[in-house]
Amino acid sequence: VLGPVEVPRREPPPVSTLDIVHPLEVNLGGKVRLLGYNIQSGFRPGDNIHLTLFWQCLEKMDKDYTVFTHLTDAQGRLWGQKDNPPVDGFYPTTGWETGEIVRDQYDIPISPDAPTGEYQIEVGMYLAETGERLPVVDPQSEQVTNQVLIGAVKIKP
């Protein structure tokens with residue numbers, strides 16, 4: 001019988017080796033940085049949008065955050081959503097170590113009745129108990145929001 005075995009953490013890989021198609025540098029509440037994302041889909045009503053987010057932990061977290069991913073139109077109406085703790089709930093943020101990079105994947109369903117047109121994907125983190133979102137500071141305007149707008153997508157007929 002063996003006792004507990006401690007496995008040392010590895011240093012995070014260089015960001016350049018992560019194959020991030022859409023790099024970003026967005027700070028959420030000083031706790032986590034969104035390094036970028038990859039996205040795949042047929043972008044048709046009823047399809048899924050496969051979204052991979054790359055997070056980097058900036059400081060040890062004492063609370064577990066839930067990630068939200070929303071597909072919205074220009075009027076802010078919701079046409080797809082997937083909210084859950086990171087890595088399908090298998091790797092809560094309280095387990096993240098400072099400097100660690102977490103690859104986090106989501107399949108956002110596109111509503112079957114979504115009309116053709118331009119949409120936005122919004123992401124961020126919040127506390128499930130209160131709904132309070134981590135603040136996001138836009139590095140260009142220095143405006144504080146509670147979501148990251150990660151790109152426009154076009155839903156096809």
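Modeller: Helices here are DSSP runs of H or I with at least four residues, strands are DSSP runs of E with at least two, and both are numbered from the N terminus. By that rule the chain has zero helices and 10 strands. The model is predicted, so local features need pLDDT of at least 70 and side-chain atom pairs count only at pLDDT 80 or more, while totals for chains, interfaces and linings use all residues. Residues are numbered from 1 along each chain as its sequence is written, and side-chain values use heavy atoms, with hydrogens and water left out.

Biologist: Thanks! What makes the radius of gyration agree with a compact globule?

Modeller: The radius is taken over C-alpha atoms, and the globule rule is 2.2 Å times the number of residues to the power 0.38. For 157 residues that rule gives a value near 15 Å; the chain has 17 Å, which agrees. Along the principal axes, the C-alpha atoms fill a box of roughly 60 × 40 × 35 Å.

Biologist: Why is threonine 66 called buried?

Modeller: Buried means under 20% relative accessible area, exposed means over 50%, and partly exposed lies in between (1.4 Å probe, protein chains only). Threonine 66 has 9%, so it counts as buried. Of the 157 residues in the chain, 39% are buried.

Biologist: And which residues is threonine 66 in contact with, leaving aside its neighbours within four places in sequence?

Modeller: Contact means heavy atoms within 4.5 Å. On that basis threonine 66 is in contact with Asp83, Asn84, Pro85, Gly124, Met125, Tyr126 and Ala128. Threonine 66 itself lies in strand S4, residues 66–72.

Biologist: What is the strand order in the open sheet?

Modeller: The four strands run S5-S4-S7-S10, with antiparallel pairing. Strand S5 (78–84) and S10 each have a single partner strand, so they stand at the edges and one side of each is left without a neighbour in the sheet. S7 and S10 are joined by seven bridges, and in S10 leucine 149 is the bridge partner of glutamate 122.

Biologist: What makes a group of residues a nonpolar core?

Modeller: A nonpolar core is a set of buried Ala, Val, Leu, Ile, Met, Phe, Trp, Tyr and Cys residues joined through side-chain atoms within 4.5 Å. The largest one has 33 residues, and Leu28, Leu34, Leu53, Trp55, Leu71, Met125 and Ile150 touch the most other members. S3 gives the largest share of this core, five residues. A second, separate core of five residues includes Leu18, Leu35, Phe54 and Ile101.

Biologist: Which residues does tryptophan 55 touch, not counting those up to four places away in sequence?

Modeller: Among them are Leu28, Val32, Leu34, Val67, Trp96 and Met125, and the list also includes Arg33, Glu100 and Asp104.

Terms used: Pairing = 2+ DSSP bridges.
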